[in-house]
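Hello,

Here is the structure I said I would pass on.

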Amino acid sequence: MRRRFPAFVVLSVVVTVAAWVLLAHELMVQGTVGAIERARIQVKPTAVANKAPEKPAWYPIDEKTAIKRGDKTLTFEEAKIKVDERVVVIVEHPDKGPMKTREIRLAPQ
């Protein structure tokens with residue numbers, strides 16, 4: 001009994017951590033801005049060798065979305081995002097609930 005208890009505790013911790021990691025998927029999308037609105041951004045993904053090109057996709061923007069140009073964090077208005085500008089979007093994609101854009105990264109001007 002004494003040997004099984006520590007093994008059970010370790011196994012429980014490993015399973016809990018693994019489940020937590022699997023539930024919160026983080027996705028990094030690289031490409032160019034296809035369109036921009038105050039509430040969302042469309043990204044045309046960069047082509048990857050030996051893969052069919054992916055279609056442009058929309059990602060939500062809210063008040064918690066960090067917008068960075070180089071090292072500076074800016075507001076949506078200050079960022080002045082333009083169509084065809086290179087962009088990296090980091091998105092949280094939970095199993096349940098809406099997708100959330102955590103960060104939008106742009107090249108410095």
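The largest cavity has a volume of about 30 Å³, and the structure holds one cavity of 30 Å³ or more. A cavity here is a set of points, on a 1 Å grid over the protein atoms alone, where a 1.4 Å probe fits but cannot get out. Grid points are joined across faces, edges and corners, and the volume is the space filled by probe spheres set on the points. Lining residues, those with an atom within 4 Å of a point, are Thr46, Ala47, Val48, Lys51, Ala52, Pro53 and Glu54. By class that lining has four nonpolar, one polar and two charged residues; Ala, Val, Leu, Ile, Met, Phe, Trp, Tyr, Cys and Pro count as nonpolar, Asp, Glu, Lys and Arg as charged, and the others, Gly among them, as polar.

Please keep in mind that this is a predicted model, where local features need pLDDT of at least 70, side-chain atom pairs count only at pLDDT 80 or more, and totals for chains, interfaces and linings use all residues. Residues are numbered from 1 along each chain as its sequence is written, and side-chain values use heavy atoms, with hydrogens and water left out.

On confidence, the mean pLDDT (the predictor's confidence in each residue, from 0 to 100) of the protein chain is 84, and 78% of its residues reach 70 or more. Helix α1 (residues 4-23) has the lowest confidence, at a mean of 54, while strand β4 (residues 66-69) has the highest, at 97. Helices (H or I, at least four residues) and strands (E, at least two) are DSSP runs, numbered from the N terminus.

Now the strands, which pair if DSSP finds at least two bridges between them. Strand β6 (residues 86-94) runs antiparallel to strand β7 (residues 100-106), with six bridges.

Lastly, the charged end of Arg40 sits over the ring of Trp58, 3.8 Å from its centre; the rule asks for NZ of Lys or CZ of Arg within 6 Å of the ring centre and within 35 degrees of the ring normal.

Best wishes

Key:
On a 1 Å grid over the protein atoms alone, a cavity is a set of points where a 1.4 Å probe fits but cannot get out, and a pocket is an open set with protein on both sides within 12 Å along at least five of seven lines; lining residues have an atom within 4 Å of a point.
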